[in-house]
Amino acid sequence: MTELLTVSGLRAGYAGTTVLDGVDFSVPAGAVVTLLGRNGVGKTTFVHTVMGMLSPYSGSIRVGGRELAGAAAHIVARHGVAIVPQGRRVFAPLTVEENLRIAQRGSNRGHWTVSRVYELMPRLAERRGNHGDQLSGGEQQMLAIGRALLRNPRLLLLDEPSDGLAPAVIDQIAVVLERLREEGIATVLVEQDLRLAFRLADEVAVMQKGRIVHRSTTAEFRQDRERAHALLGVG
Ligand SMILES: Nc1ncnc2c1ncn2[C@@H]1O[C@H](COP(=O)(O)OP(=O)(O)OP(=O)(O)O)[C@@H](O)[C@H]1O
């Protein structure tokens with residue numbers, strides 16, 4: 001399968017400290033790859049660096065064959081990458097509809113429109129006049145996903161979409177993400193919730209101390225409980 005995202009030897013951090021210490025990682029076109037790892041190993045730093053929100057010290061980030069390491073976030077976005085950040089970060093003073101309309105401005109051409117977002121997540125249509133801070137955690141997560149989709153991405157970076165949500169709400173988010181997988185949007189899914197990760201992902205990558213130390217299909221990873229335990233302290 002052709003790789004849509006290919007990262008090699010990526011090193012990055014904050015103010016000279018090293019968090020990512022030579023990350024090699026790839027996502028085939030249309031695939032969902034989950035990135036697992038204990039707290040603080042560098043998963044958020046990784047997706048921020050891919051998105052161009054943090055400039056790497058060295059290494060390569062190729063999207064569809066184009067080298068984007070060090071490019072600003074708006075350039076990376078133009079090449080079809082969108083992020084759903086940890087903590088959702090929707091605009092609290094704006095309504096659902098305004099949040100979506102702003103996201104659509106200046107986005108790549110494609111078939112995502114505000115109406116299609118409402119069709120995918122009818123709950124948002126019902127809440128279209130609510131302000132960002134008048135939404136439940138699950139609704140905020142849906143809004144953050146909707147905002148990213150309106151960029152018409154071919155690669156979606158999802159940073160812990162289940163964070164702080166009840167199991168029943170995580171199930172609703174999973175249904176939305178399954179629809180996106182069917183649409184063939186390639187995804188990097190950073191997750192602590194293994195049930196969600198296993199339900200959605202084709203492949204599993206595990207990060208430790210700023211490096212990828214394991215990569216396999218989800219099915220293989222699920223069968224090897226000892227390895228999962230050694231890598232994640234679970235199972
Ligand atoms: N803005 C920042 N400035 C300085 N250090 C940071 C910053 N953001 C994160 N770090 C540090 O970088 C390291 C990796 O953090 P990161 O958030 O990437 O890990 P993570 O794997 O996403 O963790 P979690 O699962 O807890 O979100 C941690 O030691 C963290 O304290």
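Start by selecting helix α3 (residues 96-104) together with α6: their axes come within 8 Å and cross at roughly 25°. Angles under 35 degrees count as roughly parallel, so that is what to call α3 and α6. Keep in mind as you look around that this is a predicted model. As for handedness, α3 passes α6 in a right-handed crossing.

Now show the side chains where the two helices meet. On α3, pick V96, N99, L100 and A103; on α6, pick L143, G146 and R147. Colour this α3 contact with α6 by class and you get four nonpolar, two polar and one charged residues.

Next stop, the core. The largest nonpolar core has 70 residues, and the ones touching the most other members are L35, V81, L156, L157, V188 and L189. Stay with α6 for a moment, at residues 137-149: this helix gives the most to the core, with six residues.

From that group, centre on L156. Which residues does L156 contact once you leave aside its neighbours within four places in sequence? Select A82, V84, A148, L180, I185 and T187 to see them.

Finally, go back to α3 and head for the loop between α3 and α4 (114-120), where you'll find R109. Is R109 buried or exposed? It has 6 C-beta neighbours inside 10 Å, and the cut-off for exposed is 12 or fewer, so R109 counts as exposed.

Key
Residues numbered from 1 in each chain as written. Predicted model: local features only at pLDDT ≥ 70, side-chain atom pairs only at ≥ 80, totals over all residues. Core = buried A, V, L, I, M, F, W, Y, C linked by C-beta atoms within 7 Å. Buried ≥ 20, exposed ≤ 12 C-beta atoms within 10 Å, placed from the backbone. Helix = DSSP H or I, 4+ residues; strand = E, 2+ residues; numbered from the N terminus. Contact = placed C-beta atoms within 7 Å. Axes fitted to C-alpha atoms, helices over the stretch in contact; angles between N-to-C directions. Parallel < 35°, antiparallel > 145°, perpendicular 65-115°, else oblique. Left-handed = near helix turned anticlockwise from the far one by under 90°. Nonpolar A, V, L, I, M, F, W, Y, C, P; charged D, E, K, R; others polar.
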